[in-house]
Amino acid sequence: MTENRVALVTGITGQDGSYLAELLLSKGYIVHGLIRRSSSFNTARIENIYQDPHELNRRLILHYGDLSDGISLAALVAEIEPDEVYNLGAQSHVRASFDIPVYTSEITGVGTVQLLEAIRSAGLPTRFYQASSSEMFGATPPPQDENTAFYPRSPYGVAKVFSYWITRNYREAYGIFATNGILFNHESPRRGDTFVTQKIAKAAARISRGEQDSLYLGNLFARRDWGYAPEYVEAMWRMLQADEPDDFVVATNTSYSVEDFCQFAFEAVGLEWQKYVQVDENYFRPTEVNDLRGDYSKAERILGWHPTVLTPELAKIMVNAELLS
Ligand code: NAP
Ligand code: F7E
């Protein structure tokens, strides 16, 4: 039974954190979320589930904190005694990680051990989920699965490899139920505006309404395995309900190029993408990940998880959401 179980979610204001919080609330959890203090509101994605602090018996409780502040993380974990911790907080933008490599390493890498230390020192049987990434595979060719060698191609990817291994180390050294979800790209209408799918989906909708003339992109030939975020947070939850902690690839086992995504998105508004898309080399990365496609058979076998929304439908969902906004 999950009723009244306590979860802590870092990154609750992000794409995945917002869907995961909804899922956990629907299962009867009390959800604590870590949010960063910001001079403007950064809680738009959780507006629909927000509960005023004056409400009695709140099930969603937000706490200021930061993955760089291990002392406050330890105090929070000791105070709320979570059954499950989902570490989704990160500097998650690959291109930006080349501009802010040290900060990315501190948050996306060292932030994970700050949180694991908080759990270890609390001495509770807390289960831990780490948001690992297909970016860890980097240059290793597809298909990628749990046994594929890592070859990260960005400061972000390198930081995620550190987090992956520190999660495994805390599992092996201290017996903590610590699991890595190695998730391939997953998108939704809540995706951040500077990731390529959202950039394309919003541009297609705006161009069709006469609000934008053209779209500047970088490498059109990169291939990704793009799935649907709400289905991926279900996989995260299932990982923490499993009998044993382990590592799982979550993906669709299909791959499309950025060009393909343009075609799906512009088709949804009856336009030819070639007439509007221009290449701007400023969006190229110093080192690129060319080809990702994940083999999710282990997640299917052990967790009973499989994707239902594939990339062509995903593009339509995202464009239609923008058209309705
Ligand atoms: P996202 O939308 O960028 O959300 C990132 C979250 O982390 C936001 O809530 C952000 O807060 C928070 N955050 C950033 N810096 C922080 C800090 N210093 N301390 C505490 N929190 C901080 O990312 P997402 O797409 O939901 O991804 C969730 C996690 O999965 C990330 O760890 C990401 O690296 C990983 N991942 C994502 C994908 C994907 O395709 N989406 C695939 C594999 C792995 P603000 O809202 O204040 O910025
Ligand atoms: O780029 C190419 C770009 O930034 C995808 C994060 O969630 O997934 C995400 O990382 C591809 C790359 O995602 C533009 O070069 C072309 O090859 O949408 P993206 P990402 O780098 O794959 C992984 C799994 C994560 O873990 C990360 O947190 O698209 N591309 N033109 C472009 N990319 C962007 N952003 N903008 C462009 O204009």
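Me: Before we start, which ground rules apply to the numbering and the values?
Reply: Residues are numbered from 1 along each chain as its sequence is written, chains are lettered from A and ligands numbered from 1 in the order written, and side-chain values use heavy atoms, with hydrogens and water left out. As this is a predicted model, local features need pLDDT of at least 70 and side-chain atom pairs count only at pLDDT 80 or more, while totals for chains, interfaces and linings use all residues.

Me: How far apart are the centres of domain 1 and domain 2?
Reply: The bounds come from an automatic or database domain assignment. Domain 1 covers 6-188 + 226-254 + 292-309, and domain 2 covers 196-221 + 256-291 + 316-324. Taken over C-alpha atoms, their centres are separated by 28 Å.

Me: How many residue pairs are in polar contact between the domains?
Reply: A polar contact is a pair of N or O atoms within 3.5 Å; within protein, one must be able to donate a hydrogen and the other to accept it, and residues adjacent in sequence count only if both atoms are side-chain atoms. For polar contacts, with both residues at pLDDT 80 or more, the count is five.

Me: Which side chain has an N or O atom 2.5 Å from an oxygen atom of ligand 1?
Reply: Around ligand 1 there are 25 residues, and Thr13, Asp16, Arg36, Ser92 and Tyr156 come nearest; "around" asks for a heavy atom within 4 Å. A polar side-chain atom of Ser92 sits 2.6 Å from a ligand 1 oxygen, and a backbone N or O atom of Ala90 lies 3.1 Å from one. The side chain at 2.5 Å belongs to Tyr156.

Me: And what about ligand 2: which side chain has an N or O atom 2.6 Å from one of its oxygen atoms?
Reply: Ligand 2 has 22 residues around it, with Ser133, Tyr156, Lys199, Arg285 and Glu288 coming nearest. Asn185 puts a polar side-chain atom 2.9 Å from a ligand 2 oxygen, and Val196 has a backbone N or O atom at 2.8 Å. The 2.6 Å case is Glu288.

Me: Which residue meets Asp247 in a salt bridge?
Reply: The structure holds 18 salt bridges. In this one, the N to O distance is 3.8 Å. Asp247 is in strand S11 (residues 247-250) and its partner, 79 residues away, is in helix H5 (residues 155-174); helices (H or I, at least four residues) and strands (E, at least two) are DSSP runs, numbered from the N terminus. That partner is Arg168.

Me: What is omega for the cis peptide bond at Pro143?
Reply: Pro143 is in the loop between strand S5 (127-133) and H5. The cis bond joins Pro142 to Pro143, and omega is about -5°.

Terms used:
A salt bridge is a side-chain nitrogen of Lys or Arg within 4 Å of a carboxyl oxygen of Asp or Glu.
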